[in-house]
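Student: Could we go through some of the labels attached to this structure and see what each of them rests on?

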Amino acid sequence: IYQRALLNPARSYVIRGTRGTVDYLSFITSKPGAEGRSIQVDHLDTARLVTDADGGFEIHVSRDRAGGDRLRMDEETRAVSVRQTFIDRTVEQAAT
């Protein structure tokens, strides 16, 4: 599953959700690049994502150097993308 949301780099955002049981979950901030390609600004995935006992998470998206789970933006950042990869869709639950 791929999802994308547009961002304004002058603002700050918080992404809250539940991890689910999906095999791989990643969040990427990006900015426009040459020839219509995106350039990655920052990345957070299941290897670093901190969840609570119920699988909940909170990610801060901003230009500030806040602590905890965060995705960095710069002055050109325009989007955040979410990717979920399943091994077995019949048993895994997507992140929400």
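Tutor: Let us begin with a bridge: valine 14 has histidine 60 of S5 as its bridge partner. This is a predicted model, in which local features need pLDDT of at least 70 and side-chain atom pairs count only at pLDDT 80 or more, while totals for chains, interfaces and linings use all residues. Residues are numbered from 1 along each chain as its sequence is written, and side-chain values use heavy atoms, with hydrogens and water left out.

Student: What makes S2 and S5 a pair?

Tutor: Two strands pair if DSSP finds at least two bridges between them, and strand S2 (residues 13-18) and S5 are joined over six bridges in the antiparallel sense; strands here are DSSP runs of E, at least two residues long, numbered from the N terminus. S5 also pairs with S6, in the parallel sense and over three bridges.

Student: Why is arginine 16 called exposed?

Tutor: Exposed means over 50% relative accessible area, buried under 20% and partly exposed in between (1.4 Å probe, protein chains only); arginine 16 has 59%, so the label exposed applies.

Student: Why is arginine 70 said to have no salt bridge?

Tutor: A salt bridge requires a side-chain nitrogen of Lys or Arg within 4 Å of a carboxyl oxygen of Asp or Glu. For arginine 70, which is buried, the nearest side chain of opposite charge (Lys and Arg count as positive, Asp and Glu as negative; His and the chain ends are not counted) is aspartate 42, 4.6 Å away, so no salt bridge is assigned.

Note on methods:
Helix = DSSP H or I, 4+ residues; strand = E, 2+ residues; numbered from the N terminus.
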